[in-house]
Amino acid sequence: MEPIILEIKAFFFNAQTDYLPYYRQFSFKLTEEMKSKDLLALIKEQNKDFSYPRENLVFRINDLVVDGDTSMNEVVEKLGTSLQIDPVDSYRSTNGLIINDTDFMKSYELLAPFASEDDLKYYQNLYALHYASETFRFDHDYIGDAILLLAHKMIQDGSEHKEEILAAIDNPFNGLSGCEYENNLFDACEHTAAIDELKAMTTAGDTNLFVNKIAQLLPKKPVKRADVRSVEGMHVAFYAGSDTSREKLKEVNAQIRDAGAFIVNFDRSAKLAGRSLLERQKELAYTKAGTTLLNALDSGAELLIVANTMDLQMFEEHHAAIVKQIGRDIPLALISYEDFVNLEEKAAS
């Protein structure tokens, strides 16, 4: 059997000497018992400037958060052999994969007056999940998903300080109202229900909540629905959001290919685009939506097929606000997946 070769692109940065981060390339043979920490040690052997933490070792492989004991065989099975190594939070990197993680316990201080020793232990076990929070991409001051899960646990455990706990996490600028839960852990954990329960317990959060509700009643200026007669020869991307499985993604890509179009892959094809944030954090919602649409456009797409009709409705009805928030025109045609299927059925008849 041919050996499996890992092609590694590793992150380098030293805040004391470097102005910007950079990457270096490495190649290693995958061994049966290799763990992610073994891979880091191999990189360190080849380049002494490579740095990583010896405690609380979490980092990203192809944007998914792993710990040091993650099996590299499992990584290859899921992500392939071309791998990019990054800090768990590049914004907080001080030396390679070593980060300034003081924000983790700073968030805990929000609930510390009401927490027990067991609560602290529970929170400390959520270190990786804290840094897997998708919201950090858009708000570096976000309190993190981990502290929200601790709040939910404390309330579920019957804490007499429920109102104080909710007030502590519901900061209108970087707290609960900015959380659209997405899991970037390699071994995924689903906590959407807990976050939704917390949101249902609160009514505060967005300082412009009343204004937002009024704005939803005002006439909107939706982008004109694309008049697409055929996708043949077009560069087409598919936005799945969180509603579509990997198998469905493959199926839709095959449909696009069979229709004679060129498939465009983009990083945010399976990321949430802010729809659940519209009522309480509209600017963050517009930023996420605009980032998603621009990611598809800048990846080469002319047409975006949208899986969920509610996502499509948001993109269309709030198009002007999204463009204003993101500061760029987004000349990307949009159609629903249902419209695409109907289009192909007509073409085949």
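Modeller: Helices (H or I, at least four residues) and strands (E, at least two) are DSSP runs, numbered from the N terminus, and contact means heavy atoms within 4.5 Å. Here helix 2 (residues 72-79) lies across strand 1, strand 3, strand 4 and strand 5, and runs at about 115° to strand 5; axes are lines fitted to C-alpha atoms, for helices over the stretch in contact, with angles from 0 to 180 degrees between N-to-C directions. This is a predicted model, in which local features need pLDDT of at least 70 and side-chain atom pairs count only at pLDDT 80 or more, while totals for chains, interfaces and linings use all residues. Residues are numbered from 1 along each chain as its sequence is written, and side-chain values use heavy atoms, leaving out hydrogens and water.

Biologist: In what order do the strands of the open sheet stand?

Modeller: Two strands pair if DSSP finds at least two bridges between them. The five strands of this open sheet follow the order 2-1-5-3-4, with mixed pairing. Strand 2 (22-29) and strand 4 (64-67) are at the edges, each with a single partner strand, so one side of each has no neighbour in the sheet.

Biologist: How many bridges join strand 3 to strand 4?

Modeller: Four bridges join strand 3 (residues 58-61) to strand 4, and the two run antiparallel; I61 stands opposite L64 in strand 4.

Biologist: How many disulfides are there?

Modeller: A disulfide is a pair of cysteine sulfur atoms within 2.5 Å, and by this rule the count is zero. C179 is in no disulfide, the nearest cysteine sulfur, that of C189, being 14 Å away.
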